[in-house]
Amino acid sequence: MSLHHQLDQLPEPDPQEVAEWLASVDGAVGAVGHRRTARLLRRVVDHARRAGVPLPAPTVTPYVNTIPTDAEPAYPGDESMESRITAWNRWNAAAMVTRGNERGGLGGHMATYASAAWLYEVGFQHFFRGKNADGSGDQLYVQGHASPGVYARAFLEGRLDEAQLDRFRMEAGPGGGLPSYPHPRRLPWLWEFPTVSMGLGPLSAVYQARFNRYLHNRRIKDTSASHVWAFLGDGEMDEPESTAALALAAREELDNLTFVINCNLQRLDGPVRGNFKIMQELEGQFRAAGWNVVKVPWGVEWDGLLATDTDGLLLDALDTLPDGQLQTFAARDGAYIRDRLFTGELAGLARSYSDADLARIVGTSRGGHEPRKVHAAYRAAIDHQGAPTVVLIQTVKGWTLGPGFESRNANHQMKKLSGKEFRAMRDLLELPIPDSALGDGQIPYAHPGPDSDEVTYLNERRRTLGGPAPARRVVARPLPAPADKPFTSLNKGSGNQEIATTMAFVRLVKDLMRDKETGARWVPVVPDEARTFGMESLFPSAGIYSPKGQTYEPVDRDQLLYYKESTSGQILNEGITEAGSLASFTAAATSYATHGEPMIPFYIFYSMFGWQRTADQFWALADQLGRGFVIGATAGRTTMTGEGLQHADGHSHLIASTNPACLPYDPAFAYEVGVIVKDGLRRMYGEEAEDVFYYLTVYNESKIQPPMPAVEGIEDGILRGLYRYRPAADDAGGPRAQLLASGTAIHWILKAQELLANDWNVAADVWSAPSWTLLRRDAMRAEREGRAPYVTSALADASGPVIAVSDWMRAVPDQIAPWVTQQWTSIGTDGFGLSDNRDNVRRHFGVDPHSIVVHTLRTLAARGDIKPDTPDLAIQRYGLEEQE
């Protein structure tokens, strides 16, 4: 059987030269064996790459530090001083969680920060830039479970006091307390980014780094000095969002981004990869995606042991040693390690080491516990250009908390230390805390004093780096209101032209993007559906953002609406990723705080695929106090003709209603869209900016858009959620009903109003209900405040039963049923969607005009307002027997 190579299909100018190279490899294998030959070839390849030969980097390298000890840069700080500072922080973090649990089992996590303390401390002392210089600084995504360590450091700095530490996880009541995890909404002067919903931190960090470049390339703000640091757990990397955007970060060369993954080999219940090696696995993933990888598994004490490994036997053993066993080594003695690792040919390597030495080196000497190793890795990350960097650094989970904590499977659930364990910790950390303070009572906090050498050093380092970190800072910067012309244009209606509310919104935003004062601050975010939503007209005018510009000639270059990419492009066309699009939106929606630059993002998507896929991210957006417009296009369960079950949204408003920061609207007409957007600009970007965001559902069904009725208070009614759009014509004393609808359903009840009057002598008032959810929220507030809800007052003089209709599940309008004093009933599109034309699907769900008439007649007949057989007559007249 002949052996073929991929390159055989290409011309080879010198076959003899190739043969000689291959023969030399065969000779090396025969002379020194496979292991030694592999090491020789690795050195040759590394040398060739350094010489500029364009060879791909290996996806996995040996299980040793990327940066050898003798290549580490000089440490720029006072290690002894920084060790003392770190010791105080370790103590207070453990004391805070322990005291909280002694007061009432409030929970908290100790082991994560204990393992990662130096990962943060080196950054705080030498890398993380504060906001005092340019208002941006660096962006820190702190691992959620490590929050006690950040609180402890803020205590040492003087930004928190003992009383605040004692309110850890006690947020109810006057003054509040410290939130369990990084929650900007709960502690807005400290936390910038919510991270404890694991996986969202890394995804958001990528898009934050990308948005920093977007601001810079569009010349809105110079963010060239800002660096994004994301601190992650190795177990967290199992979340699909954690690695969802790695290719984007590499493709856009985001060298302003560093991931620091704390490989303590443990997740919540046990080993991350008990039978495998998580650090090697992650290295392969990140290198394959195009990232620069810096690996730091071992502390300096490994150097001597590795230096004796002339045959590579120990390296081979480490490459194949499963993580579960390495974790066990951290919890066992040296004799155990000798018996399990240094056997056979490896026995000679350990002969000169005592069991205590092996326990110290193999068991616990990890790169993440040594500031010089951490500093060297961070320096390499900052200095690397052209690609993001991931630092894979190994620690022992629970480090310094004692043998009962360190490397134990249950340490994530262990919430307090005993007095004996605190005394051992004090001795290990060499803290000047007397035994008298560690009796049977409450464990004390410890502080060296505001004028101590430690605090002086710490504060000086932060001054040099631009102020405290993490820190969130908002400087009021209201944006001027745009001109009225774009809004008044919608108020006039569309004349004889049929347009969908989606198109009305797009036209409005296109006009607003021309505004001289604020137009450049609009950030359209689209998950590769711009043409579906009629946004292609923005391509040549606003441009699609790309850090590369446009290096090709687009196939439609000769057309008016060609696909134009630009380094200064305004549109963020994210590809087919709702998660990435929302992360991008979040970065823009919080730019007013992160960078002091208010931006006006709108994120437009298939309404079915927004909230349903990414509700957790929307919750994080609310936590991060984001502001902007979220647009659920092609909304409703029956407007997507032919698309079927998975495209038919009848429930996104229910999900949106659960988010307290979201103001959801389902506008029926173009003028309602204008009123809502104008109000949103005022509330989110005006003099008294609010930390809310708007959700508008818009439709792809083209209709004549009417002018705004000349009704007193109509704008207030639109914004509050209900107004009478078209009263019934004067009637001759017949029965009366009230028809309420939102979105595209307004057209069904308008037709039903006509049929009821002409065919059955029933007078029906038509009401537009742009927001069922806001009506409900107002009613709940009214109950607390002892006043009448708006919905009750608005309908107070409306006679007859109320029938609510929408293209949503009945539960959406049913939100307001308790506060409607009239007889209430609703019609909706409960169930799965299906493919067909709109008329057939609406008849299937019983929301077409004829079905609405029958439903109304049945309600009136049950009340005795009309003859009992009237509904049956209507069913026969409209051919609805099959639906029955």
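This short talk walks through the charged pairs and surface patches of one predicted model.

Ground rules, quickly. Residues are numbered from 1 along each chain as its sequence is written, and side-chain values use heavy atoms, with hydrogens and water left out. Because the model is predicted, local features need pLDDT of at least 70 and side-chain atom pairs count only at pLDDT 80 or more, while totals for chains, interfaces and linings use all residues.

Overall picture. The chain has 31 helices and 20 strands. Those are DSSP runs, numbered from the N terminus: helices are H or I with at least four residues, strands are E with at least two. The C-alpha atoms fill a box of roughly 110 × 85 × 55 Å, taken along the principal axes. Of the 884 residues, 57% count as buried. Buried means under 20% relative accessible area, exposed means over 50%, and partly exposed is in between, with a 1.4 Å probe and protein chains only.

Now the charges. Side chains of opposite charge can pair when their charged atoms come close. How many salt bridges does the structure hold? It holds 49. The criterion is a side-chain nitrogen of Lys or Arg within 4 Å of a carboxyl oxygen of Asp or Glu.

Take E79 and R372. Their side chains meet in a salt bridge, 2.5 Å from N to O. E79 lies in helix α2, residues 79–104, and R372 in helix α14, residues 371–383, so the pair ties together parts that are 293 residues apart in sequence. E79 is partly exposed at 27% relative accessibility. R372 is partly exposed too, at 39%.

Helix α2 also carries R84. R84 forms a salt bridge with E454, at 3.3 Å from N to O. E454 sits in helix α16, residues 453–464, and the two partners are 370 residues apart. E454 is buried, at 9%.

Next, a loop-to-loop pair. K548 bridges to E253, with the closest N and O atoms 3.1 Å apart. K548 is in the loop between β8 (544–545) and β9 (565–566). E253 is in the loop between α7 (246–251) and β3 (257–263), 295 residues away. E253 is partly exposed at 36% relative accessibility.

Salt bridges can also share partners. Here, E121, R153, E157 and R159 are joined that way into one network.

R521 lies in the loop between α18 (501–512) and β7 (522–526). R521 counts as buried, at 13% relative accessibility. Its side chain makes a polar contact of 3.0 Å with the side chain of E597. A polar contact is a pair of N or O atoms within 3.5 Å; within protein, one must be able to donate a hydrogen and the other to accept it, and residues adjacent in sequence count only if both atoms are side-chain atoms.

Last, the surface. Patches are made of residues with over 30% relative accessible area and no salt bridge; like charges are joined within 9 Å, and nonpolar side chains (Val, Leu, Ile, Met, Phe, Trp, Tyr) within 5 Å. Accessible areas come from the Shrake-Rupley method with a 1.4 Å probe; for residues, only the protein chains shown count as cover.

R36, R43, R49 and R50 gather in a positive patch. Lys and Arg count as positive, Asp and Glu as negative; His and the chain ends are not counted. Each charge is placed at NZ of Lys, CZ of Arg, CG of Asp or CD of Glu. R36 lies in helix α1, residues 15–50, and is partly exposed at 41%.

The nonpolar patch is V45, V53 and L55, about 200 Å². V53 lies in the loop between α1 and α2. V53 is partly exposed, at 39% relative accessibility.
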